[in-house]
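Dear colleague,

I am passing on the structure below, and I would be glad if you could look through it alongside the notes that come after it.

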Amino acid sequence: TPIIVLTARGEELDKVAALDLGADDYVTKPFGIPELMARIRAQLRRSRALAPLPDSCEFGAVVVDFRSHHATRGGLPLALSPREFEILRYLVAHRGEVVTREQLMQEVWRIRGYPLTRTIDNHIARLRQKIETGGEPVFLVTVHRVGYKFLG
């Protein structure tokens, strides 16, 4: 979790001490709300970018090795595309969190600004066909009007 120190103490020694103790940013009073919000957004971007991506995972009968791009379900090989591996890896890294379509576009496709497209939904549907065993999704669930959540 990023730490931003908000304080009236503006001496250089105070700033250095706070940063050396683990603070990620230091903001002195008076400050504007737009600047503070921009600093918060920047810290959140950095903390997301630094979140380690998993090398492998197991859920249900599925075993995935992201380093070798090898996946099996029930011991049988799964033919996942490179993009499907990256989507799954991102969702596994954010296990239990709602991941928006915009996040997937930005972090997997590296596209800023979310175009109106069904690309993500189509990739998710194909991924589900490969990892789910039928019926309602258990591992890769839709959070209606928001995005997706990995529950494996």
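This is a predicted model: local features need pLDDT of at least 70, side-chain atom pairs count only at pLDDT 80 or more; totals for chains, interfaces and linings use all residues.

Residues are numbered from 1 along each chain as its sequence is written, and side-chain values use heavy atoms, with hydrogens and water left out.

Helix α3 (residues 82-93) packs against helix α5 (residues 119-131) at an angle of about 85°, their axes being 10 Å apart; the axes are lines fitted to C-alpha atoms over the stretch in contact, with angles running from 0 to 180 degrees between N-to-C directions. The two helices, DSSP runs of H or I with at least four residues, are therefore roughly perpendicular, a term that covers 65 to 115 degrees. In the contact (heavy atoms within 4.5 Å), R83, E84, I87, L88 and L91 of α3 meet H123, I124, R126, L127, K130 and I131 of α5.

As for aromatic rings, three pairs are counted, the criterion being centres within 6.5 Å. The rings of F59 and F150 have centres 5.0 Å apart and planes at 85°, so this pair is edge-to-face (planes over 60 degrees apart). F59 lies in strand β3 (residues 56-59) and F150 in strand β9 (residues 147-150), 91 residues apart, strands being DSSP runs of E with at least two residues. F59 is buried at 3% relative accessibility (buried means under 20% relative accessible area, with a 1.4 Å probe and protein chains only), and F150 is buried at 1%. Together with F139, F59 and F150 form one aromatic cluster.

Key:
Angles under 35 degrees count as roughly parallel, over 145 as roughly antiparallel, 65 to 115 as roughly perpendicular and the rest as oblique. Rings of Phe, Tyr and Trp (its six-membered ring) pair if their centres lie within 6.5 Å; planes under 30 degrees apart count as stacked, over 60 as edge-to-face and the rest as tilted. Buried means under 20% relative accessible area, exposed over 50%, partly exposed in between (1.4 Å probe, protein chains only).
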